[in-house]
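Here are my notes on the structure, as numbered points. Please read them with the model open.

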Amino acid sequence: MTEKTHLQDQNGPYFGEYGGRFVPESLIAALDQLEETYAKAKADPTFALELDELNKTYVGRPSIITEVPKFAALAGDIRVFLKREDLNHTGSHKINNVIGQALLAKRMGKKRIIAETGAGQHGVASATAAALFGLECVVYMGEVDTQRQALNVARMKLLGAEVVPVTTGSRTLKDAINEALRDWVANVDDTHYLLGTVAGPHPFPTIVRDFHSVIGREARQQMLDDYGFLPDVVTACVGGGSNAIGLFHSFLDDEEVALWGFEAAGEGMDTMRHAATLSKGKVGVLHGAKSYMLQDEDGQTIESHSISAGLDYPGVGPEHSWLKDLNRAQYFGISDDEAMQALKALSQTEGIIPAIETAHALAGVIKYGSTLAPGSTVLLNLSGRGDKDMETVGKYFGFLE
Amino acid sequence: MSKTEELLNTLELEGKPALIGYFPAGYPTVADSVEACVAMCESGIDILELGVPYSDPVMDGLVIQVATEQALTNGFKLSMFFDLLKQITSRVATPVLVMSYWNPIMQYGVERFAKDLKAAGGAGLITPDLIPDEAADWIRYSDELELDRVFMATPSSSQARLDQVARLSRGFIYAVSTMGITGAREDLDAKARGVVSGVKSTKTDVPVCVGIGISTAEQVTEVNSYADGAIVGSIFIKAYRDGGIEELKRTVKQLKGGN
């Protein structure tokens with residue numbers, strides 16, 4: 001009998017048929033350097049110590065777990081536990097990856113970091129790390145997103161970053177990534193591209209996942225220590241997929257634990273205006289990796305739509321595509337309205353205001369919780385707080401009139 | 001031997017500079033792009049690099065981005081491409097290499113794309129975001145159909161990677177002159193010479209052409225002094241955009257070393 005392979009041990013460049021490096025030759029040396037630097041860092045105990053120390057004294061880890069019984073009652077006879085990544089410094093899970101990659105940038109001797117951002121959370125986290133480590137920082141952000149996330153633009157500027165509005169294409173996250181890649185191709189000698197999700201060419205999907213996997217490692221242990229069981233369902237929202245992979249990774253080989261990812265269905269799965277890449281997309285190549293993506297029959301990327309800037313992306317990380325094909329994780333769509341109602345519900349039942357991105361997972365639990373056996377337990381990644389969304393929320397519910 | 005290689009070798013022997021000109025298919029319309037490409041060939045470019053418009057062109061600067069975006073807005077579809085190509089190859093003898101990002105080809109089907117490319121008289125493919133490591137299918141079908149296969153060599157490529165590019169390219173090797181994306185630059189990077197000599201040191205027979213940032217006749221001459229050809233794109237699109245087909249022809253003649 002052959003030894004059982006562990007899903008957790010998959011480290012790229014490919015996850016099944018997905019992943020790889022579909023990028024200009026100009027970037028290969030930088031990707032090799034990053035891969036090598038990361039391998040050395042992983043083998044170096046001082047790196048882990050440095051990262052742990054920053055997580056403890058700067059990020060605020062470990063993040064706590066909060067059980068939310070009044071919210072759970074909306075979803076049937078189940079228990080719901082939130083992994084509180086919203087309580088991290090800068091307000092979302094994004095900081096986990098940023099601190100790790102900034103340390104790698106320092107090890108590579110790079111003085112400048114660039115980043116893309118959709119909702120602005122990754123941009124804010126990158127600008128924060130740049131301030132902390134004394135790095136120059138340029139953040140590319142679709143012009144549409146600079147408008148709907150104006151407060152985060154102000155935060156990035158306050159932190160000393162330059163924010164470049166991207167005016168080509170759909171003017172959202174996908175185009176911000178294009179522009180960041182162009183910058184990187186031109187400035188690869190002194191610049192690290194601090195990619196903010198588990199997409200992109202190898203080794204990014206693996207590195208970003210590893211830095212976020214602290215979420216699931218902590219949460220799994222906290223469930224065992226504090227409650228004495230593993231949850232029946234582990235769930236998160238999925239745009240590029242970083243917070244979901246971060247939570248899922250430690251549970252991949254716990255076969256009894258179901259994994260649910262909730263994508264943005266925008267105005268509806270049957271409309272053209274959604275961002276449900278895994279549910280409705282086809283396999284292709286976007287931003288350097290083979291994965292599911294939204295595209296037309298010519299292979300042109302279709303613009304996604306979501307009320308949440310952070311999920312408004314027509315691609316998804318290759319590891320999610322692999323988990324979908326393996327049927328290890330299930331992915332569902334949640335509409336703009338379902339997400340907004342769930343955001344309001346958690347705020348009003350538990351006094352926790354989630355990001356609109358995160359609200360997609362909360363809506364998913366309300367929607368599908370009733371399919372679970374009574375007494376089932378759900379662990380949800382509360383990936384970000386909703387402060388940045390108050391303008392969208394205020395308009396949506398008429399609070400600003 | 002590849003006809004593209006034969007042509008570049010002949011020009012080299014005759015001491016003539018080689019000029020490779022880029023233009024996007026479907027810009028500003030399908031019919032206009034055919035006329036523009038034919039005009040470029042008739043005005044003196046030696047090889048045509050015909051671009052397939054793509055929604056996410058990460059190797060291209062703003063001039064080409066805007067042009068290809070306009071082609072897509074004006075209704076360019078891949079289904080029109082091979083007819084467009086055939087219209088060009090039936091009117092001029094200039095070798096036509098197609099430059100395309102990988103996803104459109106993947107969706108069309110690599111084998112089907114290669115066969116239709118061959119049938120329409122295309123010489124081969126330039127793949128800006130397909131490195132040899134990911135190109136097994138394309139290597140197979142381009143071998144079967146004897147199509148040119150142009151990979152890129154860059155200032156940051158290791159010697160091992162330059163060896164690989166040299167071994168697997170056919171037609172020519174695309175030496176990236178500087179670390180950057182397409183678009184005219186005033187000072188052509190001296191790094192270009194380093195890339196070319198790195199490729200030449202592999203003792204390859206495949207010609208090496210230099211692209212990215214070339215916009216003047218002087219640069220074309222300079223590049224041809226140490227490489228086998230100069231690849232020019234953005235300046236032709238600017239010429240066409242600002243002065244139509246006459247300005248495009250004038251620019252080709254000027255870069256070709258006329259006046």
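1. Helix 14 (residues 336–350) and helix 15 (residues 356–368) of chain A have axes that come within 7 Å and cross at roughly 90°. That makes helix 14 of chain A roughly perpendicular to helix 15 of chain A (65 to 115 degrees; under 35 is roughly parallel, over 145 roughly antiparallel, the rest oblique). Axes are lines fitted to C-alpha atoms, for helices over the stretch in contact, with angles from 0 to 180 degrees between N-to-C directions. Helices (H or I, at least four residues) and strands (E, at least two) are DSSP runs, numbered from the N terminus.

2. This is a predicted model, in which local features need pLDDT of at least 70 and side-chain atom pairs count only at pLDDT 80 or more, while totals for chains, interfaces and linings use all residues. Residues are numbered from 1 along each chain as its sequence is written, and chains are lettered from A and ligands numbered from 1 in the order in which they are written.

3. Which residues join the two helices? On helix 14 of chain A they include A:Leu343 and A:Leu346, and on helix 15 of chain A they include A:Leu362 and A:Ile366 (contact: C-beta atoms, placed from the backbone, within 7 Å). The residues of this contact divide into 10 nonpolar, two polar and two charged (nonpolar: Ala, Val, Leu, Ile, Met, Phe, Trp, Tyr, Cys and Pro; charged: Asp, Glu, Lys and Arg; polar: the others, Gly among them).

4. Helix 15 of chain A also lies across strands 4, 9, 10, 13 and 14 of chain A, running at about 140° to strand 9 (233–237).

5. Chain A has an open sheet of six strands in the order 3-4-14-9-10-13, with mixed pairing (strands pair if DSSP finds at least two bridges between them). Strand 3 (65–67) and strand 13 (329–335) of chain A each have a single partner strand, so one side of each is left without a neighbour in the sheet. The twist averages 25° from one strand to the next. Strand 3 of chain A pairs with strand 4 (residues 78–83) of chain A in the antiparallel sense over three bridges, and A:Glu67 has A:Phe81 as its bridge partner.

6. In chain B, strand 7 (residues 173–176) pairs in the parallel sense with strand 6 (residues 152–153) over two bridges. The chain crosses from strand 6 of chain B through helix 8 (residues 159–168) to strand 7, and this β-α-β crossover is right-handed (clockwise from the first strand over the helix to the second, with the strands pointing away from the viewer). Strand 7 of chain B also pairs in the parallel sense with strand 8 (residues 208–211) over four bridges.
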